[in-house]
Amino acid sequence: GIKEIQMNEEENLTPTQLAKRWGISRVWVYKLLKKGHVPKHRKTGMGVRPRIVFPMEEILIFEEKRDQLVGE
């Protein structure tokens, strides 16, 4: 059925993929990350530099709010 075609909730984007999606550089994603201007995200892995992933669900929520602010 149609309901089965819903987006996989486990779909995540890396900072690089998010940068590509938004048409910005990866460096900018990390700058925004430091300021907290990014969707909710998870850190995976151990150590000094854990991998960051952005759940697609959170990206869509974030973009919707952002677009409402911009008025698009």
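Reader: Against which elements do the buried residues of H1 pack?

Author: The buried residues of H1 pack against strand S1 (12-13), helix H2 (26-35), strand S3 (51-55) and helix H3 (56-70). Packing rests on contact, meaning heavy atoms within 4.5 Å. Helices (H or I, at least four residues) and strands (E, at least two) are DSSP runs, numbered from the N terminus. The model is a predicted one, in which local features need pLDDT of at least 70 and side-chain atom pairs count only at pLDDT 80 or more, while totals for chains, interfaces and linings use all residues. Residues are numbered from 1 along each chain as its sequence is written, and side-chain values use heavy atoms, with hydrogens and water left out.

Reader: Which residues of helix H1 are called buried?

Author: In helix H1 (residues 15-22), they are Pro15, Leu18, Ala19 and Trp22. Buried means under 20% relative accessible area, exposed over 50%, and partly exposed in between (1.4 Å probe, protein chains only).

Reader: How do you know that the buried residues of H1 line one face of the helix?

Author: Viewed down the axis of H1, the buried residues fall within an arc of 100°, and therefore they line one face. The arc is that of the directions from the helix axis to the C-beta atoms. An α-helix has 3.6 residues a turn, so residues three or four places apart point the same way.

Reader: What makes the contact of Arg21 and Glu63 a salt bridge?

Author: The term requires a side-chain nitrogen of Lys or Arg within 4 Å of a carboxyl oxygen of Asp or Glu.

Reader: Is Glu63 buried or exposed?

Author: Glu63 has a relative accessible area of 10%, which is under 20%, so Glu63 is buried. Arg21, at 38%, counts as partly exposed.

Reader: How many salt bridges does the structure hold?

Author: The structure holds two. Arg66 forms one with Asp67, the closest N and O atoms being 3.5 Å apart. Arg66 is partly exposed at 32%, and Asp67 is partly exposed at 27%.

Reader: Why is S3 described as largely enclosed by the rest of the structure?

Author: Four of the five residues of S3 are buried, so the strand is largely enclosed.

Reader: What makes S1 and S3 a pair of strands?

Author: Two strands pair if DSSP finds at least two bridges between them. Two bridges join S1 to S3, so these strands meet the definition. They run antiparallel, and Leu13 stands opposite Phe54 in S3.

Reader: How many bridges join strand S2 to S3?

Author: Three bridges join strand S2 (residues 42-44) to S3, and the two run antiparallel. In S3, Lys43 has Ile52 as its bridge partner, and Arg42 has Val53. S2 and S3 form a hairpin with six residues between them. In its turn, Gly45 has a positive phi of about 90°.

Reader: What is the order of the strands in the open sheet?

Author: The three strands have the order S1-S3-S2, with antiparallel pairing. S1 and S2 are called edge strands because each pairs on one side only.

Reader: At what angle does H3 run to S3?

Author: H3 lies across S1 and S3, running at about 65° to S3. The axes are lines fitted to C-alpha atoms, for helices over the stretch in contact, and angles run from 0 to 180 degrees between N-to-C directions.
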